[in-house]
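Here are my notes for you, as numbered points. Have the model open while you read, and click on each residue as it comes up.

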Amino acid sequence: MIEAKTLAPDFTLMDQDGKSHTLSQYKGKNVLVYFYPMDDTPGCTKEACTIRDSYQELSKLDLQVFGISPDSTESHKKFAEKYKLPFTLLSDPEKEVVKKYDADGAWVQRISYLINKEGEIIKNYPNVDPATHAAQIYDDLRNYLES
């Protein structure tokens, strides 16, 4: 796991619509990078839907959300459409970014990183609870911005 106060490793991946995203192009925004094992599985769906349900509040904190898994862009598109996900899903089929962020294992680990506007990791979440993760992110980011 990458420690807080570390510059987040840059990456470029394709989203569910075939658009390329590079992390460094989001400097000036707060970013959540969350890793998950597979589209449309119970835990991953619960996590994505809790973030979806909190998305409006998270957006008020100027947060860009990226969900990353090894699934294809086509799989991500179906998943995003099925659950009406308003945020970006990125495909990492070779698990290059998964490895950079220490989320690799037998399965992709459910790990998240909260990144500030300068590109520095301000919080890592090594053991994500899909049901409560969105609220945790909101509270942590709000507290960070108020400090």
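1. Start with the inside. The largest nonpolar core has 25 residues, and those with the most contacts inside it are Tyr-34, Ile-51, Leu-63, Val-65, Leu-85, Phe-87 and Leu-89. A nonpolar core here is a set of buried Ala, Val, Leu, Ile, Met, Phe, Trp, Tyr and Cys residues joined through side-chain atoms within 4.5 Å. Buried means under 20% relative accessible area, exposed means over 50%, and partly exposed is in between (1.4 Å probe, protein chains only).

2. A word on what you're looking at. This is a predicted model, where local features need pLDDT of at least 70 and side-chain atom pairs count only at pLDDT 80 or more, while totals for chains, interfaces and linings use all residues. Residues are numbered from 1 along each chain as its sequence is written, and side-chain values use heavy atoms, leaving out hydrogens and water.

3. Who builds that core? At least two residues each come from β3, α1 (42-60), β4, α2, β7 and α4. Helix α1 gives the largest share, six residues. (Helices, H or I with at least four residues, and strands, E with at least two, are DSSP runs numbered from the N terminus.) There's also a second, separate core of 20 residues, with Ala-8, Leu-23, Val-31 and Ile-115 among them.

4. Zoom in on Val-65. Setting aside neighbours within four places in sequence, Val-65 is in contact with Leu-32, Tyr-34, Ile-51, Tyr-55, Phe-87 and Thr-88. Contact means heavy atoms within 4.5 Å.

5. Now hop over to Thr-88, in strand β5 (residues 88-91). Thr-88 is buried, with a relative accessible area of 12%. Not counting residues up to four places away in sequence, Thr-88 touches Asp-15, Gln-16, His-21, Gln-64, Val-65, Phe-66 and Gly-67.

6. Next, the sheet. What order do the seven strands take? They run β2-β1-β5-β4-β3-β6-β7 in an open sheet with mixed pairing. The edges are β2 and β7 (121-125), each pairing on one side only. From one strand to the next, the twist averages 30°. Two strands count as paired if DSSP finds at least two bridges between them. As background, strands of a sheet pair through backbone hydrogen bonds, either parallel or antiparallel. Here, β3 and β6 pair in the antiparallel sense over four bridges, and Tyr-34 stands opposite Ser-112 in β6.

7. Helix α2 (residues 73-82) lies across β1 (12-15), β4 and β5, running at about 160° to β5. Just after α2, Lys-84 takes a positive phi of about 55°.

8. Rings of Phe, Tyr and Trp (its six-membered ring) pair if their centres lie within 6.5 Å; planes under 30 degrees apart are stacked, over 60 edge-to-face, and the rest tilted. Tyr-26 and Phe-66 make an edge-to-face pair, 5.0 Å centre to centre with 75° between the planes. The pair links distant parts of the chain, 40 residues apart: Tyr-26 is in the loop between β2 (20-22) and β3 (30-35), and Phe-66 is in strand β4 (residues 63-69). Both Tyr-26 and Phe-66 are buried.

9. There's another pair to check. Phe-35 and Tyr-113 have ring centres 6.5 Å apart and planes at 85°, so the pair is edge-to-face. Phe-35 lies in strand β3 and Tyr-113 in strand β6 (residues 112-115), so the pair ties together parts 78 residues apart in sequence. Phe-35 is buried at 0% relative accessible area, and Tyr-113 is buried at 0% too. Elsewhere, Tyr-34, Tyr-36, Tyr-55, Phe-79, Tyr-83 and Phe-87 form one aromatic cluster.

10. Last stop: His-133, found in helix α4 (residues 133-146) and buried at 0% relative accessible area. His-133 and Ile-51 are 82 residues apart in sequence and 7.6 Å apart in space, C-alpha to C-alpha.

Note on methods
Axes are lines fitted to C-alpha atoms, for helices over the stretch in contact, and angles run from 0 to 180 degrees between N-to-C directions.
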